[in-house]
There are 2 protein chains.
Amino acid sequence: MWEARAASNTSAPTQFLATGKEKYAYRRFGEGPGLPLVFLQHFTGTLDNWDPAVTDPLATGREVILFESAGLGRSSGKVPETVAGMAAHALAFLDGLGLKTCDVLGFSLGGMVAQQMALDRPSIFRRMILVGTAPRGGELIMHLDKRSLAEPLADPNLKGYAVLQKIFFAPTDSSQAAGAAFIERLTKRNGDREPVSGPQVAQAQIAAFRDWEKFSGERFADLRGIRQPVLVVNGVHDEMIPVRNSYWLGENLPNAVLMTYPDSDTVPCFSSTTRSLVKPPRFSLPIFRMRLTESS
Amino acid sequence: MWEARAASNTSAPTQFLATGKEKYAYRRFGEGPGLPLVFLQHFTGTLDNWDPAVTDPLATGREVILFESAGLGRSSGKVPETVAGMAAHALAFLDGLGLKTCDVLGFSLGGMVAQQMALDRPSIFRRMILVGTAPRGGELIMHLDKRSLAEPLADPNLKGYAVLQKIFFAPTDSSQAAGAAFIERLTKRNGDREPVSGPQVAQAQIAAFRDWEKFSGERFADLRGIRQPVLVVNGVHDEMIPVRNSYWLGENLPNAVLMTYPDSDTVPCFSSTTRSLVKPPRFSLPIFRMRLTESS
């Protein structure tokens, strides 16, 4: 079973960094010789949505840095309506920290931001982990009007984290049990929490998803410009961003390994990883660790 | 770089097992507390086609058993024209050895045989690795008339292993270099080699591929009957058995993790694994090892 560690998103204080663009909230914990690993968050998620079972083990041997983009939580500014706008905020934040190169874990929307950053400034990332996300020109990205998502999102009996348990985890007993444990971990943090995102955050981010589905020229050709070693991860039953999008990443990124997981829904970073703590196959976290600690 | 080990397919003597069905050639090497890992071979391949860079590291902590099915190499009998017929031979062989349960690595045709065995006798496998293969009802399985395969297969300048280098590895410098190293490893074995397969072997195995593409009832429903933890592995540019077939395995097997590799062609067990020895991403062998050595 998972246990809280000394370096944890459960206890790390929220910090603030003023830059020429905005003031960004972030958390930073862990230590070691490895390059820092920056986490870029999913749709409407704040710093409080990072599962300590994912972040904390990765803070062994390196620092983990959780970034709150503009207009989220206690970061100032407005949420951009394009992924490129979000990438500019993340780059301004890393510049403000004085980080020239790091590793990145981009989750869903955060994975799109990571791809855009790698294209805009290739030197910013050594290695990338793209979880439950899609390439520009991908399809059916966060279509919240589809029935499997619209029903739980509109259900008045599902509030707050309970919605996440419903839509992030497959409707199997094992996956829902992993979902309940995930929610319990998220609620362990006492105080110093971020404000929950409102409808204007969702609206701007959905505009960014619609824009990300568009492409010009040869589809997926831009992926050839991302030369970093990339680990692409997804659950095969992803309802929010279908796994087909991860297949395209694996097929078109020149140096990507794809891993897909069974019995895990929209958010394999959560569901399959937490699942990996309780029953086999259990190599998601070791994989992440192996990949990040290899010499470059 | 790869170096030959004490327990190796380069030096292990070929052994023979007489059963009620046929007399089978096989090799058996390595030792340790793990369950034996049985290797099931690809189209027209004999015991001499197993890359020591793949087999030997897996013979640490357990025995590796390479099986020569009926009508191949020095095994007696005829090559069956169905996967089910081949599965019956493999089960007769394991029965003859007195093995009640083992792990399996099935490669291409061998992966189909492994699936059939798991359906016919679920207790025979604890864990399965399915490399560069397809489910029953898959598509474009070994269509040797397609141009990318027909040309090298008909090229009079390509003989023996040189054909394999051409069709097993992607047409990139890095992949072809890995291919040359692969061929060099295969030629290291001195004597006690198997006869090379003739056209009658190819003909029967191709008949089995055509039969394997057919299905009745709900497509891929039979995969739900394979409850074992399965690691599915493929290269994204597989010309012989397109990676789409591995996606179907990952989506329909109830407990499968899929890994795909870049810059690797039809035979990721060879190309991506050998590749993994020379440059990142390099976790194919560690993964295999991790998976197999986990407690069940």
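I'm counting residues as in contact when heavy atoms lie within 4.5 Å. The model is predicted, so I keep in mind that local features need pLDDT of at least 70 and side-chain atom pairs pLDDT 80 or more, while totals for chains, interfaces and linings use all residues. Residues are numbered from 1 along each chain as written, chains are lettered from A and ligands numbered from 1 in written order, and side-chain values use heavy atoms, with hydrogens and water left out.

**Phe220(A)**

I looked up its contacts beyond four places in sequence: Pro135(A), Arg136(A), Gly137(A), Gly138(A), Trp248(A) and Asn252(A). Phe220(A) is buried, at 6% relative accessible area (buried is under 20%, exposed over 50%, partly exposed in between, with a 1.4 Å probe and protein chains only).

Then I went for rings, and found 17 aromatic pairs over all chains (Phe, Tyr or six-membered Trp ring centres within 6.5 Å; planes under 30 degrees apart are stacked, over 60 edge-to-face, the rest tilted). Phe220(A) and Trp248(A) have ring centres 5.0 Å apart and planes at 35°, so I logged the pair as tilted. Both residues, Phe220(A) and Trp248(A), are buried.

**Tyr26(B)**

I noted the rings of Tyr26(B) and Phe93(B) with centres 5.2 Å apart and planes at 65°, so this pair is edge-to-face. Tyr26(B) is buried at 7% relative accessibility, and Phe93(B) is buried at 0%.
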